[in-house]
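Good morning. Please have a look at the model on the screen, and I will go through a few of its residues.

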Amino acid sequence: MDLLNALVDKGLRRELPTREEALDVLATSDDDLLDVVAAAGKVRRHWFGRRVKLNYLVNLKSGLCPEDCSYCSQRLGSKAEILKYSWLKPDEASKAAAAGVAGGAKRVCLVASGRGPTERDVSRVSETIEAIKAKNEGVEVCACLGLLSHGQAERLRAAGADAYNHNLNTSEGTYADITTTHTYADRIDTVQKAHAAGLSACSGLIAGMGESDEDLVDVVFSLRELDPDSVPVNFLIPFEGTPLAKEWSLTPQRCLRILAMVRFVCPDVEVRIAGGREVHLRTMQPLALHLANSIFLGDYLTSEGQAGKADLEMIADAGFEVEGTDTTTLPEHRTDATEGGCASHGGSGASCGDSKATPETASASAARTDLVAVRRRGAGTDLAPNA
């Protein structure tokens, strides 16, 4: 296909596709799916070889959130029967992190529910970061604590944090339909604060919330302009007890097209398959490794993932290898750009025409509520974690 050849050429040159090209990727047929995966796979392998970076989540504080994000099982008013607990102590969090590191994780992601951290919260997370770093040489630590206030990113960086995660989640045009307790601009501001403090910015999206193809392209182009080093692609986990519990619109094929589109728009960035891969990609997960170069190992914040051992077997069986702590994830040109501070922003030259490509019309996959398993082990429990 001429489209795919053009996108591969642009990806190898780090050139931004047009919006129309990105929409065309999402509109490709199932008959062309393997061609799409193969083309995006060439771009992935050019920048990241056959390496897969493993990340491990530690939920420092579960539930009890005052925000009303419709997709989240921890939201205000959620009826989801998830684990709920207040802050883990630094030694408890460090112990939880050690399980993920022992399983092969290169990055530990420290997450806490809430609008944003207080100064006391930043202090306790700083202690946790220091405890993890002291026991795990070479391991990266990413914090995800919500909206940041002035100076908080700098404090986290001084404590040893390597990165900060704050997702855009969906397009600016539909953001108010998903969340009303903060704005899209608030999220942009937090990503920029993290970047300016010298932290590696991590920001991604959630697919499967009823958005259009145009919405998906909008948010990914916005991410390209923000220039994060890592883009997590989440697939909505429709928890019972949340407003989006009945939103089962994703198919494995749709998920692969979304990942391919993200790879073409962000060719030299760490693209991570995040929450929901087991629920929506299912047996197609190995194909997704040809598009993304990073995954979460084991469980998520409030749901259980595939067994850590199965993750490692899948990577090996698909012909990939786990990235070690002695390997730099990002290509050299991106690493050089961030060594002296924040990388450049906004120079993407995005073309924002009014594309009217027809959204995908394939039938939605049947609701697989049997695949949504609430996390009952690991952090906040007395049971061993899945890593």
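There are zero disulfides in the structure, a disulfide being a pair of cysteine sulfur atoms within 2.5 Å. C65 takes part in none, and its nearest cysteine sulfur, that of C72, lies 6.3 Å away. C255 is likewise in no disulfide; there the nearest cysteine sulfur belongs to C266, 17 Å away.

A word on the source: this is a predicted model, in which local features need pLDDT of at least 70 and side-chain atom pairs count only at pLDDT 80 or more, while totals for chains, interfaces and linings use all residues. Residues are numbered from 1 along each chain as its sequence is written, and side-chain values use heavy atoms, with hydrogens and water left out.

Are these cysteines buried or exposed? Buried means under 20% relative accessible area, exposed over 50%, and partly exposed in between, using a 1.4 Å probe and protein chains only. C65 has 13%, so C65 is buried. C255 has 0%, so C255 is buried too.

C255 is also one of the residues that H280 touches, not counting those up to four places away in sequence; contact means heavy atoms within 4.5 Å. Others on that list include W248 and P252. H280 sits in helix α11, residues 277–280, and is buried because its relative accessibility is 1%. Its side chain reaches the backbone oxygen of L236 at 2.5 Å.

Last, T28. It lies in the loop between α2 (19–26) and α3 (33–48). T28 counts as buried because its relative accessibility is 9%. Beyond its neighbours within four places in sequence, T28 contacts M1, V36 and R257.

Conventions. Helix = DSSP H or I, 4+ residues; strand = E, 2+ residues; numbered from the N terminus. Polar contact = N/O pair within 3.5 Å; in protein donor to acceptor, adjacent residues only side chain to side chain.
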